Amino acid sequence: MRTQVAIIGAGPAGLFLSLLLQRAGIECVVLEMHTREHVQTRVRAGVLEHGTVQLMHELGVGERLKRLGLEHGGIELRFAGHGHRIDFRELTGGKCVTIYAQHEVIKDLVAARLAANQPLLFEVSDVRLADLESKSPRVHFVREGKSGTLQCDFIAGCDGFHGVCRPAIPSSALQLFDRAYPFGWLGILAQAPPSSQELIYAHHERGFALLSMRSPEISRLYLQCQPEENIENWPDERIWDELQKRLAASGWNLTEGPIIQRGVTGMRSFVTEPMQFGRLFLAGDAAHIVPPTGAKGLNLAVADVRVLAHALAEFYRSGSAEPLHRYSETCLRRVWKVQRFSWWMTSLLHRFADDNAFDQRRQLAELDYVTSSRAAAQSLAENYVGLPME
Ligand code: FAD
Ligand code: DHB
């Protein structure tokens, strides 16, 4: 098999890239280790930046998003028992975010790729990369018990944090930047109408809590927990009890309901520099991880592949490899700004194991500042709705 670009991974990065390349008339093959069913039902993120939404419409995959997505013009920061709204539309010249589950995005992208009769292979195993520094790198893999080789011009490593692409780069060629957080998030989906029209990010002495949603019938809620928390220790009553305490505000009620999905997510900040080696380009979680507090993981993956698609289109159009050479440098400017924002939101809202009364007062002062200074609120808002693409 031969193609122009081999894409490893059918997550947001790989699938968006495949549609962007398809639009530019560039051939690609997507190789995914899991089944279609698995990738389309994995519960993950839910907040789409303004630019991600626009891109879905441009790519002709925005029909369900338009119908089912929930546009949010602000969020609430809740602390010391009171809520304070950050008005995105007013602070960013009319921009907003859209609540639409990541697995719904995946369904839309997979459907578009398959409807166009373009190669997207599921259940591919033993993916190995070879000849990355040559003009014709190769991807070896196994599918339906048979070995195959995909010869290509470029490889896009869109296989997430635990994938095989980043480890295929000699470690001497990479610099890694890492920060682990001493907590995780316990997330649930509940059959309960959301108790607020907009997301609530709550600072509480018992730890952070977040109220989000998926539809007018389904709430998505998160609680700060131990990093390796055993979900068995969290029966439904304990989850609701803790959410009630951390989200409490006078005159406001949290509606409970049956819990239909639950899981624990670790938190880390991680960046690989550079994000390329020879003809391999890393994008999305394969190159970087952000803690989820700023709702940026998926959106950052999309920003990377926009840069990559543009650089590949330039290469095939004019023969210039200049934008490809600058891929990493271009992406990293945004990556580090988003890292900073995600770290800042995380530090602002969580309890840290070693924090003391001073740290807690400082956090409350910062929350007071962010919700009372237009300049500070505007900084949060412009980052949350998504920094402009370069
Ligand atoms: P992924 O979505 O990880 O996609 C990578 C794909 O590559 C997967 O389909 C995988 O099966 C495939 N793959 C891996 N290895 C191979 C291989 N060897 N061969 C072939 N295919 C391979 N972000 C938020 O903002 N808010 C959240 O609440 C949130 N929750 C999350 C919960 C979990 C459990 C996880 C893991 C992530 C969460 N994120 C969240 C982050 C967000 O979902 C990611 O940033 C986003 O999915 C990144 O997209 P990606 O395409 O780069 O990687
Ligand atoms: C959701 C996830 C996030 O990480 C976040 O910051 C806000 C909302 C969500 O899953 O809805």
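The side chains of Glu 314 and Arg 317 are joined by a salt bridge, with N and O 3.0 Å apart; a salt bridge is a side-chain nitrogen of Lys or Arg within 4 Å of a carboxyl oxygen of Asp or Glu. Both residues belong to helix 8 (residues 297-318), where they are three residues apart, about one turn of the helix. Helices (H or I, at least four residues) and strands (E, at least two) are DSSP runs, numbered from the N terminus. An α-helix has 3.6 residues a turn, so residues three or four places apart point the same way. Arg 317 is exposed, at a relative accessible area of 64%. Here buried means under 20% relative accessible area, exposed over 50%, and partly exposed in between (1.4 Å probe, protein chains only).

The model is predicted: local features need pLDDT of at least 70 and side-chain atom pairs count only at pLDDT 80 or more, while totals for chains, interfaces and linings use all residues. Side-chain values use heavy atoms, with hydrogens and water left out; residues are numbered from 1 along each chain as its sequence is written, and chains are lettered from A and ligands numbered from 1 in the order in which they are written.

In total, 23 salt bridges are present in the structure. One of them pairs Glu 198 with Arg 85, the closest N and O atoms being 2.7 Å apart. Glu 198 is in the loop between strand 13 (175-190) and strand 14 (200-202), and Arg 85 is in strand 6 (residues 82-87), so this pair ties together parts that are 113 residues apart in sequence. Glu 198 is buried, at 16% relative accessibility, whereas Arg 85 is partly exposed, at 46%.

A salt bridge also connects the side chains of Glu 322 and Arg 326 (3.4 Å, N to O). Glu 322 has a relative accessible area of 43% and is partly exposed; Arg 326, at 36%, is likewise partly exposed. Elsewhere, a network of salt bridges links Arg 64, Glu 104, Lys 107 and Asp 108.

Helix 1 (residues 12-23) has 12 residues, which at 1.5 Å a residue should span 16 Å; its end C-alpha atoms are 17 Å apart, in agreement. The expected span is 1.5 Å times one less than the number of residues. Helix 1 is mostly covered, with 10 of its 12 residues buried. Among the buried residues are Leu 15, Phe 16, Leu 17 and Ser 18. Gly 25, which follows helix 1, has a positive phi, near 75°.
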